[in-house]
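Me: Can you walk me through this one? I'm new to it.

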Amino acid sequence: MLVIGLIREGKVPSDNRVALTPGQCKWLVKHFSGLSILVQSSPHRCFSDEEYRQAGIEVTEDLSACDVLFGIKEVPVNMLIDNKIYFFFSHTKKKQAYNQPLMHAMVDRHITLIDYECLEHKDGQRIIGFGFFAGIVGAHNGIMAYGNRTGAYQLGRVREVHDYRELIHTYFGMKLPNIKIAVTGTGRVAHGILEIMNLLDVQEAEPAEYLRQEFDYPVYVHLKGTDLYHNRQNGTYDRTEFHTHPDSYECVFNQYLAHTDILMNGIYWDQQIPRLFSMEDLQRPDFRLQTIADITDDKNGSVPCNLGDATIESPVYGVDKRTGAKTVPYLPGSVDVIAVGNLPNELPRDASKFFGEQLIKYVLDDVRKGGSALIEKATILQKGQLTPGFMYLSDYAAH
Ligand SMILES: NC(=O)c1ccc[n+]([C@@H]2O[C@H](COP(=O)([O-])OP(=O)(O)OC[C@H]3O[C@@H](n4cnc5c(N)ncnc54)[C@H](O)[C@@H]3O)[C@@H](O)[C@H]2O)c1
């Protein structure tokens with residue numbers, strides 16, 4: 001018998017997503033004998049307690065009978081149950097200082113931690129994540145902010161619709177002006193952005209023609225690694241080399257600055273990777289960007305004028321092109337930035353469903369079998385001890 005528990009999210013502000021929807025729980029219990037699921041009651045979850053009950057799933061406060069617990073965000077220290085096996089996004093693998101107390105508590109309390117972020121296919125591609133719906137919401141917000149700035153059209157907020165299906169309905173009959181949009185990245189976020197481009201009937205243009213001409217319909221250009229980065233020595237792009245030695249590469253995005261109204265940024269970024277442009281570029285007379293949806297959302301990262309997270313309540317801020325200072329949105333002489341770190345929370349029912357599908361497809365069988373190489377590789381702590389692949393966290397985990 002395996003008892004799975006879905007924990008209540010305890011991080012503040014509280015996250016409304018969940019690892020398995022009521023429908024998925026019902027399906028799992030029906031199809032797998034020996035599997036049962038308990039759901040911890042929550043007032044914030046995008047699926048109500050009642051929806052789980054109606055699916056035949058027990059809602060309770062006490063998860064002590066569970067073998068494996070699934071959450072989304074970091075579990076507050078006071079909610080950890082000793083000796084349990086947890087799956088969640090711990091944000092500890094880069095030694096994030098703000099989660100060190102959580103790491104210490106998990107060590108002390110003999111927790112086994114399997115981090116979703118570390119579940120990878122053999123070639124290193126991540127198996128599970130919310131990026132697709134971040135791309136959907138981020139791209140919508142970018143288009144919405146451009147409409148608010150220019151007054152060309154009006155688009156409502158994603159969080160006001162019930163689900164993705166209803167969002168799609170809001171696009172019917174909508175006609176965008178002849179804008180040019182640059183989309184960066186090739187992962188899940190980029191796929192979500194491209195989905196919105198297709199739904200809004202924005203046509204794809206090849207990089208050369210995008211740079212050469214104006215169009216009498218809206219267009220986007222999809223910029224992949226090879227379009228964005230060139231080896232400083234020989235001008236080529238090799239994906240593996242770029243991933244291992246990004247510092248030998250330069251970014252060639254600045255040629256798009258004079259030809260782009262909206263940037264939708266979905267690339268992976270770290271400190272060694274060159275930025276898309278510089279703060280000084282904001283002052284270029286030909287700097288055309290009016291709106292930047294920085295879905296990647298690294299503060300002062302690939303988008304240097306990302307001056308920090310905004311919130312779902314107030315997602316857009318301006319950046320004064322002359323001073324680089326944060327302003328209210330939509331002012332003349334500024335560029336609008338949308339940088340929100342929890343975009344999928346605007347569409348939580350669909351994002352949770354998509355997440356649960358990936359979990360069922362790629363991970364739950366291994367959990368039922370009691371483990372696998374995949375799970376082992378993503379296990380940061382085993383009963384409170386760092387596993388061999390994560391020994392580099394020793395100084396961070398020690399106290
Ligand atoms: N704002 C939000 O709410 C939100 C939500 C989800 C993801 N994100 C962020 O968006 C970014 C993209 O996420 P995603 O889900 O598309 O990721 P993904 O894992 O699906 O894709 C990442 C892409 O980057 C490439 N990549 C992987 N490792 C790399 C490396 N070391 N150097 C260069 N490129 C590398 C991969 O080949 C892949 O094409 C990430 O920074 C992620 O944290 C933001």
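Reply: We'll take the annotated sites, then the ligand. This is a predicted model, where local features need pLDDT of at least 70, side-chain atom pairs count only at pLDDT 80 or more, and totals for chains, interfaces and linings use all residues. Residues are numbered from 1 along each chain as its sequence is written.

Me: Where does UniProt put the "active site"?

Reply: The unreviewed UniProt entry places it at Lys 73 and His 91. Such annotations may be inferred rather than shown by experiment.

Me: Where is Lys 73 found?

Reply: In the loop between β4 (68–70) and β5 (85–88). Strands are DSSP runs of E, at least two residues, and helices are runs of H or I, at least four, numbered from the N terminus.

Me: Which residues does Lys 73 touch, beyond four places in sequence?

Reply: Glu 9, Lys 11, Asp 15, Phe 88 and Phe 89. Contact means C-beta atoms, placed from the backbone, within 7 Å.

Me: And where is His 91 found?

Reply: His 91 is in the loop between β5 and α3 (100–108). Leaving aside neighbours within four places in sequence, His 91 contacts Glu 74, Gln 96 and Asn 99.

Me: New topic. Which residues come nearest the ligand?

Reply: Of the 22 residues around the ligand, Gly 131, Ala 134, Gly 187, Val 189 and Tyr 268 do. A residue counts as near if its C-beta atom, placed from the backbone, lies within 6 Å.

Me: Which elements give two or more residues to that shell?

Reply: α4 (131–150) and α6 (188–199). The largest share, three residues, comes from α6.

Conventions
Two residues are in contact if their C-beta atoms, placed from the backbone, lie within 7 Å.
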